[in-house]
Amino acid sequence: MNKLLTQHDLEGLLLSNRIVMAPMTRSRAANGVADVLTARYYRQRASAGLIVSEGIAVSTEGTGYLFTPGLYTADQGTAWKCVTDAVHEAGGRIFAQLWHVGRISHTSLHEHGSTPVSPVARRAQDVKTYAWVAPGMPGHVPVSDPRALDTEEVSAIAGDFAAAGKRAMEAGFDGVEVHGANGYLFDQFINGELNNRQDRYGGSIENRLRLLLETIDTLRPIVGSHRVGVRISPFSRSYDLRPFEGERQTWLALATELERRQLAYVHLSDQHALNLESDKNFFADFRRAYSRTLIIAGGFDQKSAELALQEGKADLIGFGMPFIANPDLVDRMTNGWPLAQADRDTLYGLHGSHGYTDYPCYRVSSGATAGRL
């Protein structure tokens, strides 16, 4: 049996298959607002069992890249309603990934050129972001020096996520995913080498996990626990995160806390980092600590995804890059059709429909295209 193509009950939300379109930043939203092309892009890919949107900033402070969409204004919420309507009309399911980048940002992206924020005032070394090189000239620039958040500011971040979560549900999303992975704000707080704070958000494992868990707990009564997911990346070295003492215990403690909260799912990204981890029992131990719906993503093809499901390593598999050039990825996997390759020159930036919504579905005959939008 091909388990990848079977249904999955996600806490009462029936998914038509176990293929997840993983979140992917595309930097296509001028002025931070989703548009008609955004709606078309996601609608084209609605055959995925679940779509997790690109990262959506919860505040201007949380923005780290040019042309990424937000959910902190009424206009942004209205725009996302057009997207979710398009996905639902095509029979799909979509969660909003809520995002705060922390120190991975640049002053040109912030109101009045304000400084990016972080657990501590330490810049990520040799890291660039997509910002304004000069007025009207986008490009890659080194991230700016951040400032350390004070304790009251840290506590307020959960409120930004709560407000964005409320807007997400009003916009018709089926749920929200808290972006706790890949070197962004929550990952910065969790990392014991970087986070040397002396308040209740630094030091012990409990303190370093506090912001992520407070944010989830703030969202749960607004969205419903069964409609909150979280993405994390244990052992990730993204954006100058470094190894720290008690790393294994930290991630297993988080798994235990997430299990208690009865969430929609946990989403593990960056399988490359997990596979290189010297402790080969970590993944099995994580799976024992967190027994509910688990998504894993990072470098899977159909064969390796199916094997992971058959071995019980996960319940759903996330695919990123394959969905860019293959809006009909599910059909291609169902029928054994070859996959197209994405044009890397148009992965990011305002290119209109080119490299975004103009990828064709597989041609089933010389004169027909299956379901192209």
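**Leu149**

I listed the contacts of Leu149 (contact means heavy atoms within 4.5 Å) and left aside its neighbours within four places in sequence; the partners are Glu61, Val117, Ser118, Pro119, Val154, Ile157, Leu185, Phe189 and Arg197. The model is predicted, so I kept to its cut-offs: local features need pLDDT of at least 70, side-chain atom pairs count only at pLDDT 80 or more, and totals for chains, interfaces and linings use all residues. Residues are numbered from 1 along each chain as its sequence is written, and side-chain values use heavy atoms, with hydrogens and water left out.

I placed Leu149 in the loop between strand E9 (147–148) and helix H3 (151–170). Helices (H or I, at least four residues) and strands (E, at least two) are DSSP runs, numbered from the N terminus. Is Leu149 buried or exposed? Leu149 is buried, at a relative accessible area of 3%. For that term I used under 20% relative accessible area as buried, over 50% as exposed and anything in between as partly exposed (1.4 Å probe, protein chains only). I also took the C-alpha to C-alpha distance from Leu149 to His112: 18 Å in space, for 37 residues in sequence.

**Cores**

I looked for nonpolar cores, that is, sets of buried Ala, Val, Leu, Ile, Met, Phe, Trp, Tyr and Cys residues joined through side-chain atoms within 4.5 Å. The largest has 81 residues, and Phe286, Ile317 and Phe319 have the most contacts inside it. Helix H5 (residues 205–223) gives the largest share of this core, seven residues. Apart from this core lies another one, of 14 residues, including Phe67, Trp99, Tyr130 and Val141. In soluble globular proteins, nonpolar side chains tend to be buried together.

I then went through Ile317. Not counting residues up to four places away in sequence, Ile317 touches Leu4, Arg18, Ile19, Val20, Ile295, Ile296, Phe300, Ala305, Ala308 and Leu309.

**Whole chain**

I counted 11 helices and 14 strands in the protein. The radius of gyration is 20 Å, close to the 21 Å that the globule rule gives for 373 residues, so the protein is as compact as a globular protein of that length. This radius is taken over C-alpha atoms, and the rule is 2.2 Å times the number of residues to the power 0.38. Along the principal axes, the C-alpha atoms fill a box of roughly 65 × 50 × 35 Å.

Of the 373 residues, 56% count as buried. Among contacts with a separation of 6 or more, 72% join residues 24 or more positions apart.

**Positive phi**

I noted Asn31, a residue other than glycine with a positive phi, near 65°. Asn31 lies in the loop between strand E3 (19–21) and helix H1 (36–44), and counts as exposed at 73% relative accessibility.

Tyr239 is not a glycine, yet its phi is positive, about 50°. I found Tyr239 in the loop between strand E11 (228–232) and helix H6 (247–260); at 28% relative accessibility, Tyr239 counts as partly exposed.

**Pro338**

Where does Pro338 lie? I found Pro338 in the segment after helix H11 (329–335). Its relative accessible area is 47%, so Pro338 is partly exposed. Not counting residues up to four places away in sequence, Pro338 touches Arg332 and Tyr362. From Pro338 to Val83 I have 28 Å in space, C-alpha to C-alpha, and 255 residues in sequence.
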